[in-house]
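The sequence and structure come first.

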Amino acid sequence: MHSNYQKIYAVVALIPAGTVATYGQVAALAGLPGHARQVGYALHATPRDVQIPWQRVINARGEISRRSDPVFGDLQRRLLEAEGVVFDEKGRVDLRRFRWHP
DNA sequence: GCAGTGACTAGTA
DNA sequence: ATACTAGCCACTG
């Protein structure tokens, strides 16, 4: 397991319920500025035994990023809504309201 | 080693 | 406001 993945997982684990963080934000907090794409890749490759709130990481536009299997996007939105995160009519989150401020 | 890929982003039009 | 672009960089075959 790559240590950078562990750093990313550690940061994601800190995001409180009801808030979200962007890929770039997670990368920067993990000490890996400019590695936003790797955050997405790391989450995609998260082992089942590593349990982290992956649903709280969204893109810089406040929306859930498209992936190969859309079913995970639907799951992500439902998980966030269950935590109190509100989506607008275009499926976007107001980052001014819900972004995590560590 | 090289080329393709992707849960990204900031800039430009 | 949306659409496209270039830059990004670890992973994979």
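In this predicted model, a polar backbone atom of Gly-24 is 3.1 Å from a phosphate oxygen of DNA strand B.

| Protein side chain (N or O atom) | DNA atom | Distance |
|---|---|---|
| Tyr-23 | base nitrogen, DNA strand B | 2.8 Å |
| Arg-37 | base nitrogen, DNA strand B | 2.8 Å |
| Arg-37 | base oxygen, DNA strand C | 3.4 Å |
| Gln-38 | sugar or linking oxygen, DNA strand C | 2.9 Å |
| Tyr-41 | sugar or linking oxygen, DNA strand C | 3.3 Å |

**DNA strand B**

There are 15 residues around DNA strand B, and those that come nearest are Tyr-23, Arg-37, Asn-59, Ala-60 and Arg-66. Of the atoms of DNA strand B that come within 4 Å of the protein, 44% are accounted for by sugar and phosphate. The largest share, 6 residues, is that of H3. Sorted by class, the surface near DNA strand B holds 7 polar, 5 nonpolar and 3 charged residues.

**DNA strand C**

DNA strand C is surrounded by 8 residues, with Tyr-5, His-35, Arg-37, Gln-38 and Tyr-41 the closest. Sugar or phosphate makes up 68% of the atoms of DNA strand C within 4 Å of the protein, and bases make up the rest. H3 again gives the most to the surface, here with 3 residues. The residues near DNA strand C comprise 3 charged, 3 polar and 2 nonpolar.

Arg-37 is listed among the residues that come nearest to DNA strand B and among the closest to DNA strand C. Its side chain has an N or O atom 2.8 Å from a base nitrogen of DNA strand B, and an N or O atom 3.4 Å from a base oxygen of DNA strand C.

**Helix H4**

Helix H4 covers residues 71-82. Its 12 residues should span 16 Å at 1.5 Å a residue, and the C-alpha atoms at its ends are 17 Å apart, so the two values agree. Which residues of H4 are buried? They are Gly-73, Gln-76 and Leu-80. Seen down the axis of H4, these buried residues fall within an arc of 60°, and therefore they line one face of the helix. An α-helix has 3.6 residues a turn, so residues three or four places apart point the same way. The buried residues of H4 pack against S2. On the face turned away from the buried side are the exposed residues Asp-74, Arg-78 and Ala-82. After H4 comes Gly-84, which has a positive phi near 105°.

**Gln-55**

Gln-55 is located in the loop between H3 and strand S2 (57-58). Is Gln-55 buried or exposed? Its relative accessibility is 8%, so Gln-55 counts as buried, the cut-off being under 20%. Apart from neighbours within four places in sequence, Gln-55 is in contact with Gln-76, Leu-79, Leu-80 and Glu-83. Of these, Gln-76 and Leu-80 are also buried residues of H4. With Glu-83, the side chain of Gln-55 makes a polar contact, side chain to side chain, at 3.0 Å.

Definitions and conventions. Residues numbered from 1 in each chain as written. Chains lettered and ligands numbered in written order. Predicted model: local features only at pLDDT ≥ 70, side-chain atom pairs only at ≥ 80, totals over all residues. Heavy atoms only, no water. Near = heavy atom within 4 Å. Polar contact = N/O pair within 3.5 Å; in protein donor to acceptor, adjacent residues only side chain to side chain. Helix = DSSP H or I, 4+ residues; strand = E, 2+ residues; numbered from the N terminus. Nonpolar A, V, L, I, M, F, W, Y, C, P; charged D, E, K, R; others polar. Buried < 20%, exposed > 50% of the residue type's maximum accessible area, 1.4 Å probe, protein only. Contact = heavy atoms within 4.5 Å. Expected span 1.5 Å × (residues − 1). Arc of directions from axis to C-beta.
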